[in-house]
Amino acid sequence: MKKTSFYITFILVTAISFFVLNYEKNQKIEYHLELKTKQYSQNYNLLYNEYKKISTIIYKTKVDTKIVNEIFKDAYSSSKEKQNIIREKLYSELEYTYNLLKESNIKQLHFHLPNNESFLRFHRPNKYGDNLTDIRATVKYVNETKKPIDGFEEGRIYNGYRFVFPMFYENKHIGSVEISFSTLAMNKEFIKNFNIIGKFLISKDIVKNKVFKDEKSNYKLSQFEQFYFEKKINTLLQIFNKNNLSIDASNKTKQIVKERWMENGNFSVFDTKSNSIMTFLKVQNPISNNVVSILIIRSDARYINNKINNFYLMLFAVTLFLLLSTIYIYKVINDKKRLNILVEEKTNTLNTLNRELEESEEELKIVNENLEIQVQKEVSKNREKDKILFEQTKMAALGEMIGNIAHQWRQPLSVISSISSGMIIQKEMNVLEDDIFIKNCNDINKNAQYLSKTIDDFRNFIRGESKKEFFNLKNTINSFLNLVTSSIDTHCITVDVAIEDDINIFSLQNELNQCFINLFNNSKDVLSKQNIEKYIYIGAQIKGEELEIVFKDNGGGIPNNIIDKIFEPYFTTKHQSQGTGLGLNMTYRLIVEGMGGTISVMNNRFEFNNNKYNGAEFIIKIPLK
């Protein structure tokens with residue numbers, strides 16, 4: 001065989017290996033970028049909803065009051081002189097409130113007349129009288145429809161997240177009011193809460209067409225030619241030591257942004273110039289739905305760099321292997337040609353070698369069979385070990401359940417004992433009346449039914465059947481709570497259940513109960529170490545083709561350095577004598593492998609009894625079909 005044929009074969013196989021490895025690398029990088037986009041989109045929506053909640057509270061408690069409405073009610077129909085008096089009264093009434101709100105990142109408190117004319121800007125009280133009909137679509141919408149609206153919008157002076165509400169006095173529409181958060185506030189919360197670099201970019205055309213001429217100096221052209229940014233953002237980034245966001249992006253990234261920023265959907269790009277992942281979250285106008293701003297987030301690209309390095313390493317290894325294999329095969333073929341010349345002279349020797357080869361193959365076959373048997377034994381041992389550890393985890397929960405049941409039974413058993421003893425004494429003394437006898441029997445029956453209900457719940461928990469069936473979710477939750485009532489009372493935990501009565505699903509009821517117990521035990525262990533009002537929330541709702549279950553507590557959350565590992569087998573932060581590390585792994589496998597669903601976890605911040613807490617939030621999604 002000619003050398004040219006070997007060279008062509010080597011080049012062809014190497015090229016195929018390159019395309020296969022490169023395709024695999026690109027697929028994993030693309031999936032990683034999609035995860036980044038989804039993660040930061042969820043974080044953004046979380047912060048936005050928090051601002052919306054705050055704005056609604058401010059409107060209902062501080063702005064939409066009898067005093068404010070009485071001051072503002074005649075503003076539209078009054079003369080210019082009287083409007084100035086009303087403006088001064090309104091400013092005086094809300095000046096202290098506005099100064100307090102500024103400390104909570106409120107940027108604007110802005111009143112408008114029904115014809116969309118600016119009446120009072122608390123951030124610029126001397127700028128009023130300009131008509132906002134063609135500038136502020138949200139103001140126009142609220143005054144026309146008499147309905148509130150919210151979203152991002154550029155204004156005459158500032159851009160921001162606008163929450164616009166209609167104003168009424170004795171059911172008569174008298175105008176509208178706007179409560180706004182600046183993009184700088186959102187930027188600050190993003191950096192502080194998620195420890196990432198973020199920067200808001202505003203559409204260049206929007207700034208040119210809307211902002212007052214003397215206010216345009218607050219903006220600066222960004223590295224992406226379609227956008228401006230507020231100069232104050234650089235000061236904010238310096239405070240948080242995030243200056244590397246200003247590193248110039250590659251021309252390829254700029255071209256991608258130019259092509260995709262007007263399309264729907266967020267996206268992430270691996271920028272080679274800055275060696276980072278750049279995620280672009282699009283912000284749309286709530287009326288036109290046009291993209292008017294982009295929140296650009298820069299995060300590290302260690303995962304992608306590792307994939308690229310592994311690609312080149314694998315390519316080098318495959319190429320080297322193919323080269324050595326080609327050389328070896330070429331040498332073998334040439335040697336075979338020489339050996340063919342000596343075949344006739346070496347017939348006896350060759351026959352001997354063939355016999356030895358057959359014997360070696362037989363020995364190798366025996367070794368392979370023994371090895372296969374040994375491998376099967378080891379696999380069987382490992383499966384048995386996993387099964388035992390899983391059973392130990394469930395038995396640990398079972399032991400705790402037995403303790404709970406023993407605690408729950410004390411009171412009803414005591415009641416039954418007291419009632420029966422009393423009836424015996426009354427009978428012996430001939431004072432047992434019929435109505436007392438019937439009442440006592442009813443009380444005994446009521447407590448006996450409670451004991452029976454506890455036995456049923458416990459039996460359903462330990463029966464161990466893995467069979468899909470229709471069941472009511474709320475009844476399952478109540479059975480689970482009945483099993484852990486003692487732990488709830490002992491640790492003074494408030495359990496809030498927000499589930500509709502009519503949610504019925506076809507899945508593994510007992511396994512789902514086990515998952516709830518595992519999650520509850522984790523939350524209970526964390527909460528028992530803290531001196532706070534202990535709170536656990538369990539909610540569920542149907543979203544499309546899925547049932548979404550939320551389980552969260554106010555135990556402070558999960559450290560960021562381990563939150564990605566908590567579903568791994570044998571991973572635990574507890575002492576070896578307190579945990580096996582299989583509780584959450586078991587939960588993960590039951591949800592994902594047993595029910596075909598998903599389970600994820602994030603740290604969240606929420607309010608309970610007028611106090612704000614951090615806590616872990618588990619989200620379980622189970623397909624309904």
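Trainee: What makes the six strands E7-E8-E6-E11-E10-E9 an open sheet, and how are they paired?

Mentor: In this predicted model, the six strands stand in the order E7-E8-E6-E11-E10-E9, with antiparallel pairing. The edge strands are E7 (219-221) and E9 (267-271), each pairing on one side only. Strands here (E, at least two residues) and helices (H or I, at least four) are DSSP runs, numbered from the N terminus.

Trainee: How do you know that E7 and E8 pair?

Mentor: Two strands pair if DSSP finds at least two bridges between them. Three bridges join E7 to E8 (residues 227-230), so the pair meets that definition.

Trainee: Why is Glu 88 called exposed?

Mentor: Glu 88, in helix H3 (residues 80-102), has a relative accessible area of 58%. The cut-off is over 50%, so the word exposed applies.

Trainee: Why are H14 and H15 called roughly antiparallel?

Mentor: H14 (residues 509-527) and H15 (residues 583-595) pack at about 150 degrees, their axes 9 Å apart. Those axes are lines fitted to C-alpha atoms, for helices over the stretch in contact, and angles run from 0 to 180 degrees between N-to-C directions. Angles over 145 degrees count as roughly antiparallel (under 35 is roughly parallel, 65 to 115 roughly perpendicular, the rest oblique). H14 and H15 are therefore roughly antiparallel.

Trainee: Which residues make the contact between H14 and H15?

Mentor: Contact means heavy atoms within 4.5 Å. Among the residues involved are Glu 511 and Leu 512 of H14, and Leu 584 and Met 586 of H15.

Trainee: How should I read the numbering and the values?

Mentor: Residues are numbered from 1 along each chain as its sequence is written, and side-chain values use heavy atoms, leaving out hydrogens and water. Because the model is predicted, local features need pLDDT of at least 70 and side-chain atom pairs count only at pLDDT 80 or more, while totals for chains, interfaces and linings use all residues.

Conventions
Buried means under 20% relative accessible area, exposed over 50%, partly exposed in between (1.4 Å probe, protein chains only).
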